[in-house]
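Here are some notes for a colleague who is opening this entry for the first time. Please read them with the sequence and the model side by side.

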Amino acid sequence: MPEQLVRDLTADASVRRASRFFTEHADEITAEHAAICEIPAPPFGEGERARWFLQRFRECGLREVEIDGEGNCVGLRRGRELRPLLVVSAHLDTVFPEGTNVTVRREGSRLLAPGIADDSCGLAALLALARALDAAAVETNGSLLFAATVGEEGAGNLRGVRYLFGAGRWANQIDAFLSFDGAGVESITHRALGSRRYRVTFEGAGGHSWSDFGAANPVHALGRAIARLVAYPTPDDPRTTFNVGRIAGGAGVNVIAREAAMDVDLRSESAAELQRLDAFFRRVVREAADDENAARRPSQSAVPLTIKMELIGDRPGGETPPDAPLVQLAVAATRHIGHRPQFDCSSTDSNIPMAQGVPAITLGAGGASGSSHTLQEWYDPRGRAIGLQRALLVILGTVGA
Ligand SMILES: [Zn+2]
């Protein structure tokens, strides 16, 4: 029983020592957290932060530390046996472009900086846990593979964790997966939010706004497509969403554009609903082009619009069942620290193992946060220690101590 397992763990002297590490070293953990955040890690530019982790992982006594073929920094904490092997991870990348000011400011107990919570606090948790296990000389039965992953956000399309479970050297030996993403001490993400992302480009002959009026117009087609999409009746349950996140195209106010493009994000808690929304979206894009082409004036350019549709993101859905031992352990650990577990569905690094049937959950790394993915992002480390204690129990309960 998971409750008994948690009780047994908390009765163990070395586990208690590791647990105390988080309160005794709270200031150092927060200082290291700020240092992580101040190393820029824009999408596809995580290298500097990954190399910094290489040194830290070695300091924590991890073995076989390396930057793998995709850019993830991984290191093994070997137990008495290699298996069961649990991945303990957080993501290196932020959503913020190169050049963003990532200097950490302090206001009261809060730290403020882009990326301070998502996912610098998860990365800080990785190091705090590795240091605590090392300092307390906790021995485990199975092993832990610490992983700071690349490409969790946006266009990264989970490339780091895909590699870990694909071409990576540990791929076929991973028995369970835990990631920290953002703050909090209650949420247990055990369902993966599936998403599909497209870049759609309408292309035409272009022309002069007055003399070529009546030619097929890519910007107008884009408008027709968006108007159709936003009329889609999304269900509230299972929650299903769409977003036209970016539009581009055109050369000037009196020019018929040669092209117009949009980036669109489609999501659903349900794979079947996502498929329905996906089919609807692809149909309205075709219909928008057909309507725009049909509206051409006969005297004008006969060139019809063409559509280019690129799939720029595809995250599989999936689930670790609520009665799976990993989820039950997280529930018991959350209750143990005096909180109420909240089941959650989200898009995280856990999507990939869940879709492959490997037990996986994503937890908050303790503390509180707000305004993620904005320049006003903040993190409050109060409550971090119990979040890390919860994580420690889940980790040790999974690999055995
Ligand atoms: Zn994140």
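Is N157 buried or exposed? N157 is buried, with a relative accessible area of 18%; buried means under 20% relative accessible area, exposed over 50%, and partly exposed in between, with a 1.4 Å probe and protein chains only.

1. Basis of the notes. This is a predicted model, in which local features need pLDDT of at least 70 and side-chain atom pairs count only at pLDDT 80 or more, while totals for chains, interfaces and linings use all residues. Residues are numbered from 1 along each chain as its sequence is written, and side-chain values use heavy atoms, with hydrogens and water left out.

2. The chain overall. The chain has 401 residues, and buried residues make up 54% of them. Its secondary structure comes to 11 helices and 19 strands; helices (H or I, at least four residues) and strands (E, at least two) are DSSP runs, numbered from the N terminus. Along the principal axes, the C-alpha atoms fill a box of roughly 85 × 40 × 40 Å. Among contacts between residues at least 6 apart in sequence, 80% join residues at least 24 apart; contact means heavy atoms within 4.5 Å.

3. The cores. A nonpolar core is a set of buried Ala, Val, Leu, Ile, Met, Phe, Trp, Tyr and Cys residues joined through side-chain atoms within 4.5 Å. The largest one holds 70 residues, of which F22, F53, F57, L126, F146, F180 and I361 touch the most other members. Helix α5 (residues 120-135) supplies the largest share of this core, 11 residues. A second, separate core has 22 residues, including V200, A221, Y232 and L305.

4. Around I361. Residues up to four places away in sequence are not counted here. The partners of I361 are F177, L178, S179, I188, T189, H190, L326, V327, A330, S350, M354 and V394.

5. Helices α2 and α11. Helix α2 (residues 13-24) packs against helix α11 (residues 384-399) at an angle of about 150°, with the axes 8 Å apart. Axes are lines fitted to C-alpha atoms, for helices over the stretch in contact, and angles run from 0 to 180 degrees between N-to-C directions. That angle makes α2 roughly antiparallel to α11; angles under 35 degrees count as roughly parallel, over 145 as roughly antiparallel, 65 to 115 as roughly perpendicular and the rest as oblique. On the α2 side the contact is made by V15, A18, S19, F22 and T23, and on the α11 side by A385, L388, Q389, L392 and L396. These residues divide into seven nonpolar, three polar and no charged. In that count, Ala, Val, Leu, Ile, Met, Phe, Trp, Tyr, Cys and Pro are nonpolar, Asp, Glu, Lys and Arg are charged, and the others, Gly among them, are polar.

6. Helices α3 and α4. Helix α3 (residues 26-37) and helix α4 (residues 47-59) also pack at an angle of about 150°, with axes 10 Å apart, and are therefore roughly antiparallel to each other. E32, A35, I36 and C37 of α3 meet R49, W52, F53 and R56 of α4. Here the contact residues are five nonpolar, no polar and three charged.

7. Cis peptide bonds. The bond from R83 to P84 is cis, with omega near -5°, and P84 lies in the loop between β2 (73-77) and β3 (85-91). The bond from D237 to P238 is cis too, with omega near 0°; P238 lies in the loop between α7 (218-229) and β11 (240-249).

8. Positive phi. N157 has phi near 55°, a positive value in a residue other than glycine, and sits in the loop between β6 (143-149) and α6 (159-164). H373 has phi near 65°, also positive and also not a glycine. H373 is in the loop between β18 (368-370) and β19 (378-380) and, at 40% relative accessibility, counts as partly exposed.

9. Two strand residues. S195 lies in strand β9 (residues 194-203) and counts as buried, at 0% relative accessibility. Leaving aside neighbours within four places in sequence, S195 is in contact with D265, L266, R267, L274, G313, D314 and R315. G249 is found in strand β11 and counts as exposed, at 51% relative accessibility. With residues up to four places away not counted, G249 touches E259 and A260. G249 and V219 are 30 residues apart in sequence and 7.2 Å apart in space, C-alpha to C-alpha.
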